[in-house]
Amino acid sequence: MDRVSFASEVNHDYINYIAAACVLIAAKFEESPDETPLLSDIVAVAKPVVLDPEILAQVEVLVLQRLDWRLQISTGYHFICEHKKWGMFPKNDRVVMEGESLPPTDQEKTHACLLVKFFCELSLRDPRFLKYRVSVSSAAAWAAGRAFSHIAPIWPESLASKTGCSKDDILRCYEDLFHAFKERHPEETDLEAPACLWNGPDEASIGSPTDVTEEGMMWKGVVGPCLSLGG
């Protein structure tokens, strides 16, 4: 639905048809042939909304055309999982808090991964991030997760090289992630996108924007299967 809405202006008189067509296309793409619902099944499930089967069939084709018939796409989750395999915590990483600069512990790396997953999910739910390439939004999620975890530098050259995204490539998306977070959680009135620690732990401290614990993250919707810890 988001991709269709972003690709062209949607006539809201036909929003039910577009939604039903997207469900039908997704079912055809994901389900086995013997479990794929028929067009008549979608019409029946949509009740009490009345859908004309002929119009629904036409809308299905229009949706596919708007998507250029490209249904299999990589999401941010695909990218962050691949990134994790490559290793996203270089040996020179430091956690800068309260005047101290120490290597991140395994627990701190795990917390950073939880935050990366959270920011990735945030980008998937917000249509403003459709303007960014998935490779950029996933890299920005890593930068945001590292920043929230006080890990410096936020985006070292080794990560830029691995992901193919420089600081300049991800900076705007990185800032949008923080804006999106503040819109969803306005109680975090003092939170600002950390503009320091891009270069290393000698810069000013990030501060303490949030308490990153598994219990404390439940309200943010990130508890559950997360990225495994790696080097």
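Strand 1 runs antiparallel to strand 2 (residues 100-102), and three bridges join the two. The model is a predicted one, in which local features need a pLDDT of at least 70 and side-chain atom pairs count only at pLDDT 80 or more, whereas totals for chains, interfaces and linings use all residues. Residues are numbered from 1 along each chain as its sequence is written, and side-chain values use heavy atoms, with hydrogens and water left out.

**Overall make-up**

- The secondary structure of the chain comes to nine helices and three strands, where helices (H or I, at least four residues) and strands (E, at least two) are DSSP runs numbered from the N terminus.
- Read from the N terminus on, the elements follow the order α-α-α-α-α-β-β-α-α-β-α-α.
- Of the 231 residues in the chain, 43% are buried (buried is under 20% relative accessible area, exposed over 50% and partly exposed in between, with a 1.4 Å probe and protein chains only).
- Among contacts between residues at least 6 apart in sequence, 72% join residues at least 24 apart, a contact being heavy atoms within 4.5 Å.

- The three strands form an open sheet in the order 2-1-3, with antiparallel pairing, and two strands pair if DSSP finds at least two bridges between them.
- Strand 2 and strand 3 are the edge strands, each of them pairing on one side only.
- Strand 1 (residues 94-97) and strand 3 (residues 151-152) run antiparallel and are joined by two bridges.
- Val95 stands opposite Leu102 in strand 2 and also opposite Ile151 in strand 3, while the bridge partner of Val96 is Ser101 in strand 2.
- Strand 1 and strand 2 make a hairpin with two residues between them, and Glu98 in that turn has a positive phi of about 50°.

**Backbone features around strand 3**

- Most residues other than glycine have a negative phi, and most peptide bonds are trans.
- His150, although not a glycine, has a positive phi of about 65°; His150 lies in the loop between helix 7 (134-148) and strand 3.
- His150 counts as buried because its relative accessible area is 4%.
- The peptide bond that joins Ala152 and Pro153 is cis, with an omega of about -5°, and Pro153 is placed in the loop between strand 3 and helix 8 (157-163).

**Helix packing**

- Helix 6 (residues 106-125) and helix 7 pack at an angle of about 135° with their axes 8 Å apart, where axes are lines fitted to C-alpha atoms, for helices over the stretch in contact, and angles run from 0 to 180 degrees between N-to-C directions.
- Helix 6 and helix 7 are therefore oblique to each other (under 35 degrees counts as roughly parallel, over 145 as roughly antiparallel, 65 to 115 as roughly perpendicular and the rest as oblique).
- Helix 6 and helix 7 cross in a right-handed way, meaning that the near helix is turned clockwise from the far one by less than a right angle, with anticlockwise giving a left-handed crossing.
- On the helix 6 side the residues that meet helix 7 are Ala112, Cys113, Leu115, Val116, Phe119, Cys120 and Ser123, and their counterparts in helix 7 are Ser137, Ala141, Trp142, Ala144, Gly145 and Phe148.
- Helix 7 also packs with helix 9 (residues 167-184), their axes coming within 8 Å and crossing at roughly 65°, and this crossing is right-handed.
- Residues of helix 7 that meet helix 9 include Val136, Ala139, Ala140, Ala143 and Ala147, and those of helix 9 that meet helix 7 include Asp169, Ile170, Cys173, Tyr174 and Phe181.

**Cysteines**

- The count of disulfides comes to zero, a disulfide being a pair of cysteine sulfur atoms within 2.5 Å.
- Cys22 has a relative accessible area of 16% and is therefore buried, and Cys113 is also buried, because its relative accessibility is 0%.

**Ile55 in helix 4**

- Ile55 belongs to helix 4 (residues 53-66) and is partly exposed, because its relative accessible area is 28%.
- Leaving aside residues up to four places away in sequence, Ile55 touches Tyr14 and Tyr17.
- Ile55 and Tyr14 stand 41 residues apart in sequence, and in space they are 9.6 Å apart from C-alpha to C-alpha.
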